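I started with strand pairing and then moved on to backbone angles and rings.

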Amino acid sequence: MMITENWGIVSYEAAWQRQTVLFDQLIEAKLHEKPYTNRLIFCQHPHVYTLGKHGKTANMLLNENQLHALHAELFHVDRGGDITYHGPGQWVCYPILNLEDYNLGLKEYLHLLEEAIIRLCGQYGIEAGRVEGATGVWLGTGTPDERKICAMGVRSSHFVTMHGLAFNVNTDLRYFGYIHPCGFINKGVTSLAAELHRELPMEEVRDKLEKLIRNLLGETV
């Protein structure tokens, strides 16, 4: 069974705590063969930077006072990947899933999330793809103008996942200028709005993304 939850605009700290509780509960239920629910959680965050467990602090270019002046926070988190930004106008999706229900390994799961974003971009007439050696979804792949539209980082235990993806829809891209996004110093960042030169209805984009993820997982909407 899978349900979708929309947490609205929620602080990163609160969402991380709620995720962790659900993640731990699912693992506990799985190990003891009790009923559980797989979840797709969608939300947006106030301005925040998160640094993965193998990320480099040097990729954050601001000090604490500068962060405060931008009304932004920094969290060291338990996912893969380096540093990224979350903020208004960006859909964050946190799937809390037992991957064994979908016959997926972690690599196949990340590939599935990337595929959902690639297809979503295609629905808006944007050609997106993957970059060798880098997670997430990119535009202009193989050109000097490679730019990232969706960042990804997950944590898994006992084939249960948390964290997920961050898809730039109407995101204020200036906030990426204060970091080396995902550790890269020679690649750009973009959004649907930047590519299409117009703002997108956030609910429309979320509904399309939910449908794509569910279809790729073999779930019905």
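**Entry 1: strand pairing.** I looked at β8 and β9 (residues 147–157) and found that they run antiparallel, joined by three bridges. Strands here are DSSP E runs of at least two residues, helices are H or I runs of at least four, and both are numbered from the N terminus. Two strands pair if DSSP finds at least two bridges between them. I looked up V137 too, and its bridge partner in β9 is C150.

Before going on, I noted the ground rules. This is a predicted model, in which local features need pLDDT of at least 70 and side-chain atom pairs count only at pLDDT 80 or more, while totals for chains, interfaces and linings use all residues. Residues are numbered from 1 along each chain as its sequence is written, and side-chain values use heavy atoms, with hydrogens and water left out.

**Entry 2: the other side of β8.** Strand β7 (residues 128–131) is also antiparallel to β8, again with three bridges. I saw V131 opposite A134 in β8. The two strands make a hairpin with two residues between them, and G133 in the turn has a positive phi of about 80°. Is β8 mostly covered, or open? Five of the six residues in β8 (134–139) are buried; buried means under 20% relative accessible area, exposed over 50%, and partly exposed in between, with a 1.4 Å probe and protein chains only.

**Entry 3: positive phi outside glycine.** I found E33 with phi near 55°, in the loop between α1 (12–31) and β2 (38–44). E33 is exposed, at 74% relative accessible area. N103 has phi near 55° as well, and it sits in the loop between β6 (90–96) and α3 (106–123). N103 is exposed at 75%.

**Entry 4: rings.** I found eight aromatic pairs in the structure. Rings of Phe, Tyr and Trp (its six-membered ring) pair if their centres lie within 6.5 Å; planes under 30 degrees apart are stacked, over 60 edge-to-face, and the rest tilted. Y12 and F75 form a tilted pair, 5.6 Å centre to centre with 35° between the planes. Y12 lies in α1 and F75 in β4 (residues 73–76), so this pair ties together parts 63 residues apart in sequence. Both Y12 and F75 are buried.
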